[in-house]
Amino acid sequence: MQADVVVIGAGAAGLMCALTAGYAGRRVLVLDHANKPGKKILMSGGGRCNFTNLATGPANFFSANPHFCISALKRYRPEHFVELVERHGVEYVEKAPGQLFCAHSAKDLLGVLLAECEWAGVELRLKTTVERIERAGEGMRLATSAGRIEAGAVVIATGGLSIPTMGATGFGYDVARQFGLDVTQTRPALVPFTLTSQWKARAADLAGVSCDVAVSAIREGQRLGPGRQRCYREPMLFTHRGLSGPGMLQISSYWQPGDELEVDLLPGFDIADALAEARQAAPRRQLSTWLGERLPRRLAQALVEWHGEDPTLAELSNSRIEAWQERLGAWRLKPAGTEGWRTAEVTLGGVDTTAISSKDFSVEGLPQLRFIGEVLDVTGELGGYNFQWAWASGVACGQSL
Ligand code: FAD
């Protein structure tokens, strides 16, 4: 069998690259070992796929080479993808500022990609495993479960390691190493935290309770997080196993084993001033009542239980107010770990971009081999950035094939 381009991986980046190259007149074959294409698209965004973020920029990505993503992101912007979605009449909603989700189902979005692939003449082969890849003159040769394939170029779009049950493998990293590329250390990110026994039991009692927090990671006294404040200000969710919710998923990209988390349960609120004022205005009110007006009731009650005191506000001396300011505004805890690859949304790290062109995603000295999407050491924050990277890298590569 022969093809101009073989794309390995029928996920977001692979399909986007395939349809782009197909429209450019290339004969494109997409191979995937899974029984269905785009499984992560279907499960993303709670089944409604947060397919882009209108504010996408290089600052939203983690990479050992922070400049690598600039060129592709500049050339294929969120508006371009929105235009494609609108052309297919797929309805979408802006659930949070800049975060666009399918109004109905992620199936609609996968439908767009599959229809475009079909119109572009792309051939899709599922349940196909690639046993060997080797250089063959100016092209590449593949041994697959569907036989031998000669290709002008091979694009590796096999994604990261998260959710192995959905077909994730380290295949792309193995191919990279085979051709002499480095792979930076990988670890699960956008992943919930697990807690040690005492905190685990406390979190489990509050499972389902959510509140807005500001959260940072703390390593050797240094605060880690984005922006000048070095924190994410997003909701936190207590679960049976620990802490989740957008704020926790985001900070997991900064957190490493041994680090603490610092959680401000009342962000943007001067707790000491407010408590001192309330002590004057309502001295007989219980602290738990005051807390329950600002935090979910169950959490307010749990806080006074954890700290073994529920004084009236009149009983709060200035030093006790300071202690409560610390407990509420700078709650420190050390997670046991994360839930790992089983539930992580993305992989931090991946194929080192040093020897990859940021223009066409080819390997230095081997232009017939390309890497795109999440398999590369480029990882976005939560909020639609990872798909925008998949689209942008897929298009940049597809246009150049
Ligand atoms: P993938 O989409 O992972 O595609 C890789 C493909 O390669 C798969 O089809 C796989 O079967 C195939 N493959 C793997 N190994 C082999 C092999 N050895 N042989 C053949 N085929 C192989 N990002 C967002 O921007 N917004 C969201 O709302 C969002 N929600 C998410 C929710 C969840 C639960 C998860 C897990 C991720 C979410 N992400 C989200 C991240 C996003 O899904 C990924 O960043 C994106 O899918 C990466 O695209 P990709 O094409 O590089 O890889």
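Guide: Two residues are said to touch, or to be in contact, if their C-beta atoms, placed from the backbone, lie within 7 Å. The model is predicted: local features need pLDDT of at least 70, side-chain atom pairs count only at pLDDT 80 or more, and totals for chains, interfaces and linings use all residues. Residues are numbered from 1 along each chain as its sequence is written.

The position is glycine 45, which touches Asn50, Phe101 and Ala106 when residues up to four places away in sequence are not counted. Glycine 45 sits in the loop that joins helix H2 (39-43) to strand S3 (50-53); helices (H or I, at least four residues) and strands (E, at least two) are DSSP runs, numbered from the N terminus. Glycine 45 counts as buried because it has 20 C-beta neighbours inside 10 Å. The cut-offs are 20 or more other C-beta atoms within 10 Å for buried, 12 or fewer for exposed, and anything in between for partly exposed. Leucine 382 lies 337 residues from glycine 45 in sequence, yet their C-alpha atoms are 9.9 Å apart.

Helix H6 itself (residues 171-178) has Gly172, Tyr173, Val175 and Ala176 as its buried residues. Viewed down the axis of H6, these fall within an arc of 160 degrees, so they line one face of the helix; the arc is taken over the directions from the helix axis to the C-beta atoms. Their cover includes strand S8 (130-136), strand S10 (147-156) and strand S22 (366-371).

The wider interior comes next. A nonpolar core is a set of buried Ala, Val, Leu, Ile, Met, Phe, Trp, Tyr and Cys residues joined through C-beta atoms within 7 Å. The largest has 74 residues, of which Val6, Val154 and Val155 touch the most other members. Helix H13 (residues 385-400) supplies the largest share of this core, 9 residues. Leaving aside residues up to four places away in sequence, the contacts of valine 155 include Val5, Val7, Arg370, Ile372 and Cys397.

The protein is divided into domain 1 (2-187 + 345-400) and domain 2 (193-338), with bounds from an automatic or database domain assignment. The C-alpha centres of domain 1 and domain 2 are 39 Å apart, and their contact takes 5 residues from domain 1 and 4 residues from domain 2.
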